[in-house]
Amino acid sequence: MAPRLIRNIKLVDPETDEVATGWLRILDGLIDACGTDPAATLSSDDVTDGRGLYCAPGIVDLGVKVCEPGERHKESYASAGRAAAAGGVTTIITRPDTDPAIDTPEALEFVARRATEDAIVRVHHMAALTKARAGQEMAEIGFLKDAGAVAFTDCDHVIADTKVFSRALTYAKAIDALVMVHAQERILSKGAVATSGKFASLRGLPAASPMAERMELDRLIALGEMTGAALHIDQITTARALPALARAKANAVNITAGTSIHHLTLNALDISDYRTFFKVKPPLRDEEDRQAVVEALREGAIDVLSSMHTPQDEESKRLPYEIAAAGAVALETLLPAALRLYHADALTLPQLFRAMTLAPAKRLGLDVGTLRPGAPADLVIFDPDAPVMIDRTKLESKSKNTPFDTARLQGKVRATFVGGECVFGGLDA
Amino acid sequence: MTFTQRHLLGIEPLHPTEITALLDLADQYVDLNRSASKHSDALAGLTQINMFFENSTRTQASFELAGKRLGADVMNMAMQTSSTKKGETLIDTALTLNAMHPDLLVVRHPQSGAVDLLAQKVNCAVLNAGDGKHEHPTQAMLDALTIRRAKGRLHRLRIAICGDIAHSRVARSNILLLGKMENRVRLVGPPTLIPSGMSEFGVEVFHDMAEGIQDADVVMMLRLQKERMDGGFIPSEREYYHRYGLDAEKLALAAPDAIVMHPGPMNRGVEIDGDIADDINRSVIQEQVEMGVAVRMAAMDLLARNHKARPREVEV
């Protein structure tokens, strides 16, 4: 295949922390070479001018729910793949909280086959840590790892039995498996749909203290220290959890943390008059917490930014707030929402892309998330300034539950490449 | 300015002049209710449906009587035994009822925000008769009318709301209303029954009852639900009565002409001493019930007028 050269484009490099005008050549599905020196010396039959556009590694989205098996009407591998491509996401890492859970090698093989057949982006799968995510018995994590599971998680189920939990982590450590965990103290946060404070009191919603996060985090850190297992906290969303996280990292506990785009860009007041599309888990926090999370992401204390894509149909959302389903779709809105922070001068493009590409790829041991020559040519070409108005009915996801409906954002994906193939948009128009 | 709302979902969206307008009309209905004929044709030809997804005797009876005295056709639906038990969603129930062309829907629901959700899907006026732990606007209105008639004004009063604030929609609506009318509101109760963030509402919080009701013009007691009494939120019923029950000794600390209120039904000997509840010089608990009917007549009358003036088709 002939090499393809894109020049005059701003390269966003999360490794060097720089944005510079340069060129990038794709050959045989890989990044053949890239640089910031004049590209005139390079030859190629297929040259594109990328003036005004930015090129970054394709987004690696850790913790996406695709609703196969069980609820294909909410999201299939085909629709999730299209949504990802439209959002500049080139690798999705799926969650096992399907119905039934992905807790056997046979179930993993089923979803892997579905993903290979239907999804137009790369898909890796996480598997359950315990059978049926019930926190009672370990899943066959050795077999599951051999079958391709990149990490293990019971998702939002917190394992209550510390014996079961510590043994599972010890076992996972022995086979070098990463475990993703949810940091909400389960008794305190049981039944809570809001963060306690003025807003929850005014609306009369069952609420839990933000300290529920810090409490469970402390337990997880102790378990990590005890077992030596590699832990990734799915979402850190409160200011008061951050010092504990920083201490654990300083003490060389093998721990990383993520946060969701919703906790990074929205706060509890956005729920307003019981808007259920803003119901996520954990619940949206106060503005002070949101700002602390932005700061932590800038400093690298929080490593990963994910969409926490969770499709829900209309029926499960058109209910009183307390009993409505939690979760929001976000594959397509992740990048434009994240760019809000770039436009607000809160985070730079390399900082954002480090959290959306390099950091998750590294943690999972994937060779993507970089512009380095030799890496797969998984790229997103975007215009960070182009205005967009989110229209939920136009989303590629089968479910339309986005809190950003009618939001005016800036940032449009122009093209998405996976292994050098254009899977969304294009550069020639 | 007059009353411009299309629904009465809570006190939060109301302007103080709207509260005054409603109370003024309610005063007139108090006179009507005390007269011999007790009947008006304000709602003649209109249909009022009472949908109670949660048990209620007093509030439902009050709304029913209010509608009937104004000449409306009133229907009661006991939603706990209806198709919602068969899995029908709240929205579907709303759409079904909407097709019957009611003019006034009175709704009580165990979940906060459920009445707001329902109001988005129907063409008629919706009155919130209590949703979860959120609001109970007609209760706050009847309390306000009772205070205004007993005290001659509804501003610059020291009002102590005592007891289980955390689980009380009555407390939330009262805090909002009394705050809007520029009173000094105090919340009195054990810390486990005071919701978080309350000091940001412009109220004072007291955990010591003696301090909290000191010089109060109005002492408003709240019901303590039986299921919250043992161990979970408070150590025991008797400890609660000792520390937070209203007896003669504690009431002596309030202003000499302080009135005692309770939204009912009362737990005598838990949150309030029986003798105080029955003391006609202090207790206005029976007046509250009387004002309830008048306030609900006024609320339904005003909403019906607004809908007649500006009919609307909602997208459903």
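**Strands around β13(A)**

I looked up A:Leu231 and found that its bridge partner in β14(A) is A:Ile255. The model is predicted: local features need pLDDT of at least 70, side-chain atom pairs count only at pLDDT 80 or more, and totals for chains, interfaces and linings use all residues. Residues are numbered from 1 along each chain as its sequence is written, chains are lettered from A and ligands numbered from 1 in the order in which they are written, and side-chain values use heavy atoms, with hydrogens and water left out.

I noted that β13(A) and strand β14 (residues 255-260) of chain A run parallel and are joined by three bridges. Strand β10 (residues 178-181) of chain A also pairs with β13(A) in the parallel sense, over four bridges. There, A:Leu178 stands opposite A:Ala230. I took pairing to mean that DSSP finds at least two bridges between two strands. Strands are DSSP runs of E with at least two residues, helices are runs of H or I with at least four, and both are numbered from the N terminus.

I then checked the side chains of β13 (residues 230-233) of chain A. A:Ala230 and A:His232 point one way, A:Leu231 and A:Ile233 the other way, and all are buried. Buried means under 20% relative accessible area, exposed over 50%, and partly exposed in between (1.4 Å probe, protein chains only). In a regular strand the side chains alternate between the two faces of the sheet.

**A:Thr90**

I located A:Thr90 in strand β7 (residues 89-94) of chain A. A:Thr90 counts as buried because its relative accessibility is 0%. Leaving aside neighbours within four places in sequence, I found A:Thr90 in contact (heavy atoms within 4.5 Å) with A:Gly58, A:Ile59, A:Val121, A:Arg122, A:Asp378, A:Leu379, A:Thr416, A:Phe417 and A:Val418.

**Backbone entries, chain A**

I recorded a cis peptide bond between A:Glu68 and A:Pro69, with omega about -5°. A:Pro69 sits in the loop between β6 (59-64) and α1 (77-86) of chain A. The peptide bond from A:Asp99 to A:Pro100 is cis too, with omega near 0°, and A:Pro100 lies in the loop between β7 and α2 (105-118) of chain A.

I also recorded positive phi values in residues other than glycine: A:Ala132 has phi near 55°, and A:Arg133 has phi near 55°. I found A:Ala132 in the loop between β8 (122-127) and α3 (141-146) of chain A, and A:Arg133 lies in the loop between β8 and α3 of chain A. A:Arg133 counts as buried because its relative accessibility is 12%. Most residues other than glycine have a negative phi, and most peptide bonds are trans.

**Interface of chains A and B**

I found 22 residues of chain B in contact with 16 residues of chain A. The area buried between the chains is about 1600 Å², and carbon and sulfur atoms give 57% of it. Buried area is the accessible area (1.4 Å probe) that two parts lose on being put together, summed over both. In chain B, B:Gln111, B:Ser112 and B:Phe201 lose the most area to chain A, together 28% of what that side buries.

I looked for salt bridges (a side-chain nitrogen of Lys or Arg within 4 Å of a carboxyl oxygen of Asp or Glu), and the rule finds one across the interface. The side chains of A:Arg203 and B:Glu12 meet in a salt bridge at 3.0 Å, N to O. On the side of chain B that touches chain A, α3 (90-98), α4 (114-119) and α6 (169-180) of chain B each supply at least two residues. I noted that α4(B) gives the most, with three residues.
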